[in-house]
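Please keep the sequence and the model side by side while reading.

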Amino acid sequence: MARIGYARVSTADQDLEQQLAKLKGEGCELVRSEKVSGASRDGRNELSTVLEFLRPGDELVVTRLDRLGRDTRDVLNLVHECEQKGAFVTILDPHVSTCGELGHVVITVLGMVAQME
């Protein structure tokens, strides 16, 4: 079981260092990052790589839910894809995991808030 971190910022001039440090500090053995908009999955090659790499029991870790995406449906689809592979998703701020049922409810609400922002 691996903890795999994913960091993303929206533009090339933004800094990933805080996210990378937090993910490594949380014990992520592998961290992938990219500088691309989260409005869609287009061009998010590192995210695609992470999703392909996930195995049963693995954990995808992000610092905040909006690092996965801005669209609620897309975020929920990403969570579903992880679960189909037997993996789960953990958000560090606020700390929420899809390991339990309550995590799904919280992620849905957070996804709606991220989309509204």
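What percentage of the 117 residues of the protein chain count as buried?

## Overall architecture

In this predicted model, 43% of the 117 residues of the protein chain count as buried. The chain has 4 helices and 5 strands, and from the N terminus on these elements follow the order β-α-β-α-β-α-β-β-α. Its radius of gyration is 13 Å, close to the 13 Å that the globule rule gives for 117 residues, so the chain is as compact as a globular protein of that length.

Taken along the principal axes, the box filled by the C-alpha atoms is roughly 35 × 30 × 25 Å. Among contacts with a separation of 6 or more, 65% are between residues 24 or more positions apart. The chain exposes about 6200 Å², of which carbon and sulfur atoms supply 52%.

## Helix H1

Helix H1, spanning residues 17-25, has Gln 19, Leu 20 and Leu 23 as its buried residues. Seen down the helix axis, these buried residues fall within an arc of 95°, so they line one face of H1. An α-helix has 3.6 residues a turn, so residues three or four places apart point the same way.

The cover over the buried residues of H1 includes strands E1 (3-9), E2 (30-35) and E3 (59-62), whereas Glu 17, Gln 18, Ala 21 and Gly 25 are exposed on the other side of the helix. After H1 comes Gly 27, whose phi is positive, near 90°.

## Thr 90 in strand E4

Thr 90, which belongs to strand E4 (residues 88-91), is buried, with a relative accessible area of 1%. Its side chain makes a polar contact with the side chain of Glu 59 at 2.5 Å. Leaving aside neighbours within four places in sequence, the residues in contact with Thr 90 are Glu 59, Leu 60, Val 61, Val 62, His 95, Val 96 and Ser 97.

Technical notes
Residues numbered from 1 in each chain as written. Predicted model: local features only at pLDDT ≥ 70, side-chain atom pairs only at ≥ 80, totals over all residues. Heavy atoms only, no water. Buried < 20%, exposed > 50% of the residue type's maximum accessible area, 1.4 Å probe, protein only. Helix = DSSP H or I, 4+ residues; strand = E, 2+ residues; numbered from the N terminus. Arc of directions from axis to C-beta. Contact = heavy atoms within 4.5 Å. Polar contact = N/O pair within 3.5 Å; in protein donor to acceptor, adjacent residues only side chain to side chain. Rg over C-alpha atoms; globule rule 2.2 N^0.38 Å. Areas by Shrake-Rupley, 256 points an atom, 1.4 Å probe, with all protein chains shown as cover.
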